[in-house]
Amino acid sequence: MALHFDAEEFDARKQRLLAAMGEAKLDAMLLFAQESMYWLTGYDTFGFCFFQCMVVEKSGDVTLLTRSADLRQARHTSNVETILVWEDRSHANPAKDLRELLADRDLLGAKIGVEYDSAGLNARYGQLLDEQMKSFADTHDASAIVPRLRSVKSEAEIAFVRKAAELADDAFDAAMKKVKAGADEAVILAALQGEILARGGDYPGNEFIIGSGEDALLCRYKAGRRKLDANDQLTLEWAGAWRRYHAALMRTVIVGKPTERHVEMHAAAVAALEAVEKAMRPDNTFGDVFEAHARALEEAGMTKHRLNACGYSLGAHFTPCWMDKPMFFAGNPEPILPDMTLFAHMIIMDSDSGTAMTLGRTYLTTDGAPEPLSRLGLDLPVA
């Protein structure tokens, strides 16, 4: 089997999940998030774009229901022993197959937690599931259970995140060699992603963000490339990915000479990131971190140009994005705990002047101050 962790690691994760299920008085959980399946068993696939479900019982038994295309994938990449296949056919209803599986496991009338908040359970599949479960079991939304467990990393996971952070740093160095007036964004993007793949890393959970000129103010990837002007701005957001674990970075690079507005906005971003670092400690919440960011940008007169979130947890994640939970937004009561890997991004977009500025990096939380996992400095990058 192509497992990236040893048996003791996986057993410790299962015991944590079973304890959480016990606290919620659940007889079983239906996992639909690929991240949950990977964390619990090592199962690695993009087959979650179709219906599949991992059933975890309070006894510790784990059963996977998937398609024939993922049967060998599950056998090769996971420690799941019981794998069942639902058949692709006209008018197939895999939720009915799941109900029959649960009946065979003597779970009729059981209290079952469901990962509704998942890319692996779309609205149509959710409707099919609810229709089958309404007279079969007492179902509850248990979407937060595994993400909360995954947010605190083991030593083995932290080692993978550190490797991902090294890849992210190396990727930026490779990309910066290509940044100059007249350079094609395509060449820069190829260097950024290519460096990670060439060093044995993985595809990220979502596309890298690259945009110059007016597009530098966008916070998402979009199709289409342009060439850099003699004086330009280039926003990059990327992540090193190692065994699916991510370490993200974000920078706005200036081509030519920075404007006064660039310099002003960069100073505000640095001040906000430093405020976030001071708040990113145990005894504070994710909401406290966001408020530190918001206050710093308010003092700099940047409130109208900031976003309503300033980062999130990172770990092993699958498409459509690498963003994990919890997130930094107003009022989020989730506590900061040691051994979390958290990405904080200061994004300031001034549409009035057409000026972009971003600054972000990944941290490992400790009992005190967080540890930045990147070796890159916070100076304004100029090419």
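I take a residue as exposed when its relative accessible area is over 50%, and as buried when that area is under 20%. The model I am consulting is a predicted one.

**Entry 1: helix 5**

I looked up the outward side of helix 5 and found A123, R124 and Q127 exposed there. I then asked which residues of helix 5, spanning 123-133, are buried. They are Y125, G126, L129, Q132 and M133. Viewed down the helix axis, these buried residues fall within an arc of 130 degrees, so they line one face of helix 5.

I next looked for what covers the buried residues of helix 5. The cover includes strand 1 (28-31) and helix 4 (94-104), together with strand 5 (111-114) and strand 6 (138-141). At the start of helix 5, I noted that a side-chain oxygen of N122 comes to within 3.2 Å of the backbone nitrogen of R124.

**Entry 2: salt bridges**

E57 pairs with R105, with 2.6 Å between the closest N and O atoms. This pair links distant parts of the chain, since E57 sits in strand 2 (residues 53-57) and R105 in the loop between helix 4 and strand 5, 48 residues apart. I checked accessibility on both sides: E57 is buried because its relative accessible area is 7%, under the 20% limit, whereas R105 is partly exposed at 31%.

R148 forms a salt bridge with E334, the closest N and O atoms lying 2.8 Å apart. R148 is partly exposed, at 44% relative accessibility.

D170 bridges to R199, with closest N and O atoms 3.6 Å apart. I located D170 in helix 7 (residues 155-176) and R199 in the loop between helix 8 (185-198) and strand 7 (209-212), 29 residues apart. R199 is partly exposed, with a relative accessible area of 45%. Both residues also belong to a network of salt bridges that links D170, D173, E195, R199 and R375.

**Entry 3: G256**

I found G256 in the loop between strand 9 (245-255) and helix 9 (260-279). G256 is partly exposed, at 31% relative accessibility. Setting aside neighbours within four places in sequence, I listed its contacts as A230, N231, V382 and A383. The C-alpha atoms of G256 and N206 are separated by 30 Å, and the two residues are 50 apart along the chain.

Definitions and conventions: Residues are numbered from 1 along each chain as its sequence is written. This is a predicted model: local features need pLDDT of at least 70, side-chain atom pairs count only at pLDDT 80 or more; totals for chains, interfaces and linings use all residues. Side-chain values use heavy atoms; hydrogens and water are left out. Helices (H or I, at least four residues) and strands (E, at least two) are DSSP runs, numbered from the N terminus. Buried means under 20% relative accessible area, exposed over 50%, partly exposed in between (1.4 Å probe, protein chains only). Contact means heavy atoms within 4.5 Å. The arc is that of the directions from the helix axis to the C-beta atoms. A polar contact is a pair of N or O atoms within 3.5 Å; within protein, one must be able to donate a hydrogen and the other to accept it, and residues adjacent in sequence count only if both atoms are side-chain atoms. A salt bridge is a side-chain nitrogen of Lys or Arg within 4 Å of a carboxyl oxygen of Asp or Glu.
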